[in-house]
Amino acid sequence: MRTPMKKLVSLLLCLALTFAMSSAFALDLGKYDEPITVTYLSTDRNVPSVAPYDESNPARKSARENTWIDGYLETLGIKLDRIIAEDATALNARINTGIASGDLPDIMLCSKEMFNVLCQNDVLADLTEAYENYEHKDFLNQIETSFPAVLDAGKYKGRLMGYAMCGNMYNASDVLWVRQDWLDKVGMDAPATLDETIEVARAFKEAKLGGEDTIGLGFHSGNGAAHIGWMLAAYGSVVNTWMEQEDGSYVYGNTMDEVKPALLKLQELYAEGLIRDDFAVGDTIREDVANGRCGLYVADVTRGVIEIQTNFNSDPEADWHPYLQPTLDGNPVKEWTNAQTNSFYCVRKGFEHPEALFMLIEFSNQMRFSADPELSARFNVCEDGYQMWSLDAFRDTVRADTDLYKGELIAEGLANNTPDNEMNALALSNYQLCKAAKYDGARQYQGRLVAFVEGYGVTIPLLAGGYLCGSYNGPLTENMTLYESSINEALTAAMVKVVMGEDISVYEDAVATWYANGGEAITEEVNDYYQSNK
């Protein structure tokens, strides 16, 4: 707990920054001549454990009173009047009441389902011209470049009726994590193909490098069909996505013929005992990695700072490195990533200043990505370590490649020995930890170092080459609402049965059932959506 003196110092520091910024901060994002008041409905996205509120400090007093609220007014001339819903249910209730009464807030952050309801009730402003005419789209353009579907996702009947909350994407793309110290023990090189990966897994298991219960090859468990997506990708099907065919039509990846050889290959690995027999449930593989029972792990880059870091902490010999996920010939293939939008910013019909939404998002990014130490201290991390960024009302609307961008900045910083005060604020804290791992032997940050530098070093070329595929970002249809969950679950269950030894006909029958029980109608709707955006 802070002492009164520490709290006073912190208060004076943040107040000093506020007064200094009001006179020195002159960012031109189209400030209104006369301040306008904008009501904004959302849940409070701040994480109290990261940035607890402090009623005695104006810079961090509450979601409605803090340095970001002050910044919107100083820079944009926008008095942001936040309406905080307790949770998603309360937020939906407030919107439904507003639709019925004609009393909607000026700006709302809502789910995809509620976005469709708002569109169908014709209560939203058309944002097409407001977006096109707003002149200060530096970071808005970067968001669009990093995730081109951001505008199409918010369209309804061809018009931009909402702006998708483009969060941190592409960081769930799989890589192959490999223990180099185990490779050294069996005298093998890092695998470059699927067959080589299987040979290494077999060698690890036979040598019992993780003990009697060594796992040859581990991968994420219990997440629908996504946990076997890496194998499907090797054979040409991207799990949980709609894949464009040569004739321009779209087919659900989980139903493609390419899935069958992938399932049969997994069946071989299962029969040989190279993968866990409970691969389809739970997250026990994470414990295997953390406890040193597994030396090959197909998982996303972020695992480097979690279970792989745990293994670094407990085993001084552990030496993990990430590589391209296994493919048939060692060359990149299209694979699944978490490029999906589930939330949207909407503006009520009749609001006089729809461009205010884009001004607020642009300001949010200008502050988050600024290398200016004063801006960083005010809007990112205060001098006392307080995470100011968490108080931003639009904080999760960033470049889709944010983590990859951080990795690029950190790699360049380490290569060039960039001083801390010249590092982009977004990457600064991770840069400092990576430096500690690289130069000071701080093993507690080793996972962070290999994740940001090596892991995203693998992922960045995949994104640049067009190999990362996101899920469907179009509107939810009635058929999707009625059938999608149940038919996808049944299809996944059939996949698992084949991996565990049943005949491939079980999967083939499940595909036929998928189409018959709603999949054909959904496929037609998805194709209509994609054709409408061409």
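Which residue in β14 is the bridge partner of I107?

Modeller: The bridge partner of I107 in β14 is V347. Keep in mind that this is a predicted model.

Strand β3 covers residues 107-111, and strand β14 covers residues 343-347. The two run antiparallel and are joined by five bridges. In general, strands of a sheet pair through backbone hydrogen bonds, either parallel or antiparallel.

Now widen the view to the sheet. Five strands make up an open sheet. Their order is β2-β1-β3-β14-β6, with mixed pairing. The edges are β2 (78-85) and β6 (163-164), each of which pairs on one side only. In that order, β3 sits between β1 and β14, while β14 sits between β3 and β6.

Next, the cavity. Searching the whole structure turns up one cavity of 30 Å³ or more. The largest cavity holds about 30 Å³ of space. F344 is one of its lining residues, and strand β14 spans residues 343-347.

Charged pairs come next. The structure contains 27 salt bridges. One of them links R293 to D213, with the closest N and O atoms 3.8 Å apart. R293 lies in the loop between α12 (284-290) and β11 (296-300), and D213 in the loop between α9 (194-207) and β8 (218-219), so this pair ties together parts that are 80 residues apart in sequence. D213 is partly exposed, because its relative accessibility is 44%. Salt bridges with shared partners join D213, R276, D278, D288 and R293 into one network.

Two other salt bridges are worth a look. E65 pairs with K61, and their closest N and O atoms are 3.8 Å apart. E65 has 42% relative accessibility, so E65 counts as partly exposed. K61, at 31%, is also partly exposed. D396 pairs with R395, where the closest N and O atoms are 3.1 Å apart. R395 counts as buried because its relative accessibility is 10%, and buried means under 20%.

Key
Residues numbered from 1 in each chain as written. Predicted model: local features only at pLDDT ≥ 70, side-chain atom pairs only at ≥ 80, totals over all residues. Heavy atoms only, no water. 1 Å grid on protein atoms, 1.4 Å probe; cavity = no way out; pocket = protein on both sides within 12 Å on 5 of 7 lines; lining within 4 Å. Points joined across faces, edges and corners; volume = space filled by probe spheres on them. Salt bridge = Lys/Arg side-chain N within 4 Å of Asp/Glu carboxyl O. Buried < 20%, exposed > 50% of the residue type's maximum accessible area, 1.4 Å probe, protein only. Helix = DSSP H or I, 4+ residues; strand = E, 2+ residues; numbered from the N terminus. Pairing = 2+ DSSP bridges.
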